[in-house]
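Please walk me through this model in the viewer. Tell me what to select at each stop and what is there.

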Amino acid sequence: MSDFTIERNEASAPFFDAAREGRLLIRRCTVCGRLYPPQQRRCVDGEPLEWVPATGAATLISWAVDHGAAVAPDLLSAAGDGSVIGVVELEEGPWMNAALPGVDPTQLRDGMPMRVEFAVFGEAVPVFLPA
Ligand SMILES: [Zn+2]
């Protein structure tokens with residue numbers, strides 16, 4: 001049982017509601033249409049952002065193995081000796097940082113197709129696995 005939990009606030013509620021249903025939402029500027037990762041607050045032009053669906057398809061940009069204590073056992077690498085954190089480029093363009101749970105980091109390569117999954121820590125949060 002993990003004591004690592006994610007808690008929502010009003011701004012993030014639509015994101016977590018969708019995540020619970022297995023859908024990834026990203027942010028889009030209501031004025032210029034630029035797309036951003038979920039944590040983005042405002043467009044570079046200062047305009048507000050709205051939630052829009054993403055396919056969940058991505059490619060792997062880079063990754064790192066954190067050999068510190070995992071925040072949650074579910075996020076451990078395949079070898080169980082650390083957590084793999086990746087940077088992925090969503091099909092829609094924005095980049096996201098996310099855990100790559102249960103993967104063998106020696107099997108990862110640049111440009112590898114990835115797909116979103118959701119891990120539940122109080123709230124469902126996106127993680128990525130090889131597609
Ligand atoms: Zn904009």
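Select helix 1, residues 13-20; its buried residues are Phe 15, Phe 16 and Ala 19. Buried means that 20 or more other C-beta atoms lie within 10 Å of the residue's own; exposed means 12 or fewer, and partly exposed falls in between, with C-beta atoms placed from the backbone. This is a predicted model: local features need pLDDT of at least 70, side-chain atom pairs count only at pLDDT 80 or more, and totals for chains, interfaces and linings use all residues. Residues are numbered from 1 along each chain as its sequence is written. Helices (H or I, at least four residues) and strands (E, at least two) are DSSP runs, numbered from the N terminus.

Just after the helix, pick Gly 22, with a positive phi of about 80 degrees.

Three strands form an open sheet in the order 2-1-3, with antiparallel pairing. Strand 2 (35-36) and strand 3 (49-54) are at the edges; each has a single partner strand, so one side of each lacks a neighbour in the sheet. Pairing requires at least two DSSP bridges between two strands.

Select strand 1, residues 24-29. Six bridges join it to strand 3. Leu 25 stands opposite Pro 53 there, and Arg 27 stands opposite Trp 51. Toward strand 2, two bridges make the antiparallel pair. Arg 27 has Tyr 36 as its bridge partner in strand 2. Five residues separate the two strands of this hairpin, and Gly 33 in the turn has a positive phi of about 85 degrees.

Last stop: the core. Which residues of the largest nonpolar core touch the most other members? Select Ala 58, Val 88, Leu 90, Ala 98, Leu 100 and Phe 128, out of 18 residues. A nonpolar core is a set of buried Ala, Val, Leu, Ile, Met, Phe, Trp, Tyr and Cys residues joined through C-beta atoms within 7 Å. Strands supplying at least two core residues each include strand 4 (57-66), strand 5 (83-90) and strand 6 (95-99).
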